[in-house]
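Student: I would like to learn how to read helices, strands and a ligand site from a set of coordinates. Could we work through an example together?

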Amino acid sequence: GKCVLVCPTNALAIPNQPSKPKEELDPEAGSKFNLKDPLPEAVKDYAQDNDKKTIPAQVTPVAGGDVWSGVWVIIEYTNGKVAPVSWELLGEGRKLADAIGCGLSGVITGNEIDSVIPEAFAYGAEKVYVVDHPILKDYRTEPYAEAITSLVRKYQPEIILMGATSMGRDVFPAIATKLQTGLTADCTVLGIDPETKLLQQTRPAFGGNIMATILCRTSRPQMSTVRPRVMAMPERIDGREGELIREEFTFDESDFHTKILEFIGSDAKSAFLDKAEIIVAVGLGLAAKKNLAIAEELADVLGGTIAGTRGAVEAGWLTHDQQVGQSGVTVRPKVYIAIGISGAIQHLVGMETSDFIIAINNDPEASILKVANFGIVGDLFQIVPAMTAEFKKRLQ
Ligand code: FAD
């Protein structure tokens with residue numbers, strides 16, 4: 001009962017009980033259930049009923065129909081900046097909209113956000129929906145989910161996309177829950193099935209060993225979050241115009257459970273890892289935390305950012321926000337220098353689209369050398385200081 005009361009997306013219910021408005025729920029009801037007690041009969045029935053549910057074999061696709069139509073990109077605007085993945089997705093959204101034969105729109109939520117509108121048109125949105133309200137000044141799950149959900153209910157787009165950033169990973173599941181539709185998180189490839197016009201959402205699965213293509217056949221909208229820097233940045237055409245639709249946001253503070261008290265920014269050099277142009281990445285080949293200094297020296301000379309493998313993070317040499325790969329950040333720098341990294345698939349998926357990869361490894365069979373543009377087989381403790389010295393000479 002307690003959880004039902006506070007769930008921000010109304011995702012919870014006590015099964016086989018008549019649904020009641022929140023005000024009528026008993027906040028003490030939760031105390032009647034103890035996890036150690038046997039399952040109440042109502043819950044058992046519910047579990048059995050759900051076991052019997054099967055996915056219908058034939059579903060009439062509704063994509064491209066009159067009701068749910070259009071591709072939307074949610075434009076992420078925080079602390080005065082747009083997350084560049086939003087523009088990447090307008091580029092990708094254009095291709096999807098052309099394949100379906102529908103329109104492409106951008107959605108901006110926040111406060112005092114008018115400066116972003118011309119940019120959204122410049123990157124290809126035909127329509128821009130704006131919800132501008134002081135409550136939306138700083139990101140919070142509930143008001144953002146509420147604002148976007150009400151827009152979706154009103155205008156019924158068939159596809160909505162957002163970056164798989166911290167915000168996208170947080171707000172999209174909340175919206176999908178409110179709308180009772182499917183969401184594929186962390187996609188790396190999107191496409192349209194030419195026959196059904198359904199969105200094909202592809203992402204690494206099973207530890208990165210397969211690429212799974214997922215369809216959302218029975219509910220709308222089809223929702224995906226997409227990894228930053230995987231899709232190409234579209235051309236920006238300043239001065240391009242489109243239709244602007246402003247929507248009212250009628251909620252007030254008392255409708256929401258959370259308040260922003262203070263922002264404490266990260267001072268880690270890695271804070272903008274996904275935007276870094278030169279990355280010096282380390283792996284377990286470095287052998288000890290104290291040896292990080294040789295990579296840092298190289299990064300300093302090149303103006304690069306330090307990152308690494310999950311191995312290096314788990315060893316306590318780096319923080320999680322410095323981890324590149326499937327369960328870390330996806331990067332696409334101009335230069336990626338991999339030092340003592342084996343090149344496990346889970347690491348490669350996060351960096352193999354870098355423009356130029358230099359790998360240093362003493363094992364000539366290491367997988368990282370197969371994706372490297374320039375591989376150096378040898379001892380990193382000799383090679384990296386030699387590179388640093390050479391770059392110092394040339395760059396001074
Ligand atoms: P190792 O595989 O141990 O490689 C060390 C390399 O250093 C070796 O190739 C060795 O030849 C070389 N070396 C050793 N000494 C020297 C020397 N003196 N000079 C030169 N070279 C030397 N990993 C990630 O990185 N990112 C992720 O997001 C991620 N997510 C994961 C998610 C799941 C579900 C799972 C199961 C795993 C994930 N992993 C991830 C872990 C991944 O599978 C690998 O274990 C990890 O990437 C290996 O890290 P490494 O390359 O630092 O270490």
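The dialogue below takes up helices, strand pairing and the ligand site in turn.

Tutor: Keep in mind that this is a predicted model.

Student: How many residues of α3 are buried?

Tutor: Burial here means under 20% relative accessible area. Twelve of the 16 residues of α3 are buried, so the helix is largely enclosed by the rest of the structure. Among them are Trp 87, Leu 89, Leu 90, Leu 96 and Ile 100, but also Glu 88 and Glu 92.

Student: Which residue follows α3, and what is its phi?

Tutor: Gly 101 follows α3, and its phi is positive, near 90°.

Student: How does the span of α5 work out?

Tutor: Helix α5 runs over residues 141-155, and its 15 residues should span 21 Å at 1.5 Å a residue. The end C-alpha atoms of α5 are 21 Å apart, which agrees. Its buried residues include Pro 143, Tyr 144, Ile 148, Leu 151 and Val 152, together with Glu 142 and Glu 146. After α5 comes Gln 156, with a positive phi near 50°.

Student: Now strands. Do β8 and β9 run parallel or antiparallel?

Tutor: Look at the bridges and the direction of each strand. Strand β8 (residues 189-192) and strand β9 (residues 199-205) are antiparallel and joined by four bridges. One of the pairings sets Val 189 against Thr 202 in β9. The two strands form a hairpin with six residues between them, and in the turn Lys 197 has a positive phi of about 65°.

Student: Which strands pair with β15?

Tutor: Strand β13 (residues 278-282) is joined to β15 by five bridges, and the two run parallel. In that pairing, Ile 278 stands opposite Val 335 of β15. Strand β16 (residues 356-361) is also parallel to β15, again with five bridges. There, Tyr 336 has Ile 357 of β16 as its bridge partner.

Student: How many residues of β15 are buried?

Tutor: Four of the five residues of β15, which spans residues 335-339, are buried, leaving the strand mostly covered.

Student: How should I read Ile 214: buried or partly exposed?

Tutor: Ile 214 belongs to strand β10 (residues 210-214). Its value is 31%, so Ile 214 is partly exposed. The C-alpha atom of Ile 214 is 9.9 Å from that of Gly 182, a residue 32 positions away along the chain.

Student: Finally, the ligand. Which residues come nearest?

Tutor: Start from the shell of surrounding residues. There are 24 residues around the ligand, of which Leu 284, Thr 309, Ser 327, Ser 342 and Asn 361 come nearest. By class, the shell holds six nonpolar, 15 polar and three charged residues.

Student: How much of the ligand does the protein cover?

Tutor: On its own the ligand has 990 Å² of accessible area, and the protein covers 73% of this. The elements giving two or more residues to the shell are α9 (345-348) and α11 (380-395).

Notes. Residues numbered from 1 in each chain as written. Predicted model: local features only at pLDDT ≥ 70, side-chain atom pairs only at ≥ 80, totals over all residues. Heavy atoms only, no water. Buried < 20%, exposed > 50% of the residue type's maximum accessible area, 1.4 Å probe, protein only. Near = heavy atom within 4 Å. Areas by Shrake-Rupley, 256 points an atom, 1.4 Å probe, with all protein chains shown as cover. Nonpolar A, V, L, I, M, F, W, Y, C, P; charged D, E, K, R; others polar. Pairing = 2+ DSSP bridges. Expected span 1.5 Å × (residues − 1).
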